[in-house]
Amino acid sequence: MKKNIIIITGAKNSGKTTMAYTLCSKLDVDGKSIGGVIQVLLLPGEEKNTYTLSSQHDGTSMLMLDRAAHENWERAGNFFCNPEAAAWADQQFAASYTSDFMIFDEIGRFELEGKGFDSSFSAALQSYAGTIVAIIRDEYIEDVCSRYAIDVNSCIVIGSHDDKETAYVRIQQL
């Protein structure tokens with residue numbers, strides 16, 4: 001089975017999630033259903049001290065990463081990781097299998113270490129019938145594609161700075 005995969009890529013803080021929100025809004029207007037999780041955007045000028053995920057399936061959200069220490073949260077670089085967030089996200093992905101598009105914001109270092117969305121992303125690549133939208137930083141593209149046996153040449157790759165209208169036209173061709 002041919003898998004439709006859209007990769008939204010760019011450098012850290014380059015607008016990947018903003019591009020995903022724009023494309024999701026256009027898909028929603030066109031009557032497409034969207035599942036998965038995406039980061040809640042910060043207000044302009046706000047510093048990223050937390051990462052909150054929003055379910056595109058049911059609208060709920062959960063704090064995933066915080067610069068502030070929390071009891072029983074594992075340190076992950078400059079952040080502390082909510083141990084309940086990955087399980088919550090897995091539930092959101094599982095509930096999204098009937099959607100036309102499933103968003104993974106984002107696939108990167110955690111997944112390359114077998115953490116984060118690793119199991120849900122692997123499962124979706126094997127059995128999800130819709131289109132996967134994976135947000136991946138430029139620096140991780142090669143390693144992510146290798147780990148998950150993704151042929152980047154068979155994907156639609158959209159840069160965070162690409163023209164949003166042109167990007168959407170490309171997606172509509174799926």
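Me: At the start of H6, which backbone nitrogen does a side-chain oxygen of Asp163 reach, and what makes this a polar contact?
Reply: The backbone nitrogen of Glu165, to within 3.3 Å. A polar contact is a pair of N or O atoms within 3.5 Å; within protein, one must be able to donate a hydrogen and the other to accept it, and residues adjacent in sequence count only if both atoms are side-chain atoms. The Asp163 pair meets that limit, so it counts. This is a predicted model: local features need pLDDT of at least 70, side-chain atom pairs count only at pLDDT 80 or more, and totals for chains, interfaces and linings use all residues. Residues are numbered from 1 along each chain as its sequence is written, and side-chain values use heavy atoms, with hydrogens and water left out.

Me: Why is Asn82 called buried?
Reply: Its relative accessible area is 9%. Buried means under 20% relative accessible area, exposed over 50%, and partly exposed in between (1.4 Å probe, protein chains only). Asn82 is under the cut-off, so the word applies.

Me: Where is Asn82 found, and what does Asn82 touch?
Reply: Asn82 is in the loop between S6 and H2. Helices (H or I, at least four residues) and strands (E, at least two) are DSSP runs, numbered from the N terminus. Leaving aside residues up to four places away in sequence, Asn82 touches Met62, Leu63, Met64 and Trp73. Contact here means heavy atoms within 4.5 Å.

Me: Which backbone atoms does the side chain of Asn82 reach?
Reply: The backbone oxygen of Leu63 lies 2.9 Å from a polar atom of the side chain. The backbone nitrogen of Glu84 is reached at 2.9 Å too. The Glu84 pair sits at the start of H2, and the Asn82 atom there is a side-chain oxygen.

Me: How do you know which side of H2 its buried residues are on?
Reply: In H2 (residues 83–95) the buried residues are Ala85, Trp88, Ala89, Gln92 and Phe93. They cover an arc of only 140° around the axis, so they are on the same side of H2. The arc is that of the directions from the helix axis to the C-beta atoms. Turned away from that side are the exposed residues Pro83, Glu84, Gln91 and Ala94. The buried residues pack against S2 (34–39), S3 (50–55), S4 (61–66), S7 and H4 (118–127).

Me: What makes the buried residues of H6 line one face?
Reply: The buried residues of H6 (164–172) are Ala167, Tyr168 and Ile171. Seen down the axis, they fall within an arc of 100°, so one face holds them. Their cover includes S1 (5–10), H1 (16–29), S7 (101–105) and S9 (156–159).

Me: Why is S1 described as largely enclosed?
Reply: Six of its six residues are buried, so the rest of the structure largely encloses S1. In a regular strand the side chains alternate between the two faces of the sheet. Ile5, Ile7 and Thr9 point one way from S1, and Ile6, Ile8 and Gly10 the other.

Me: How do you know that S1 and S9 pair?
Reply: Two strands pair if DSSP finds at least two bridges between them. S1 and S9 have four, in the parallel sense, with Ile8 opposite Ile158. S1 also runs parallel to S8, joined by six bridges, and Ile6 stands opposite Val133 there.

Me: What joins S4 to S3 and to S6?
Reply: S3 and S4 run antiparallel, with five bridges; Thr52 faces Leu63. S4 and S6 (79–81) are antiparallel as well, with two bridges, and Leu65 partners Cys81.

Me: What makes the largest cavity a cavity, and which residues line it?
Reply: On a 1 Å grid over the protein atoms alone, a cavity is a set of points where a 1.4 Å probe fits but cannot get out, whereas a pocket is an open set with protein on both sides within 12 Å along at least five of seven lines; lining residues have an atom within 4 Å of a point. The search finds one cavity of 30 Å³ or more. The largest cavity has about 50 Å³ of space. Its lining includes Ile6, Leu23, Phe101, Val133 and Ile171. H1 gives the largest share, four residues.

Definitions and conventions: Points joined across faces, edges and corners; volume = space filled by probe spheres on them.
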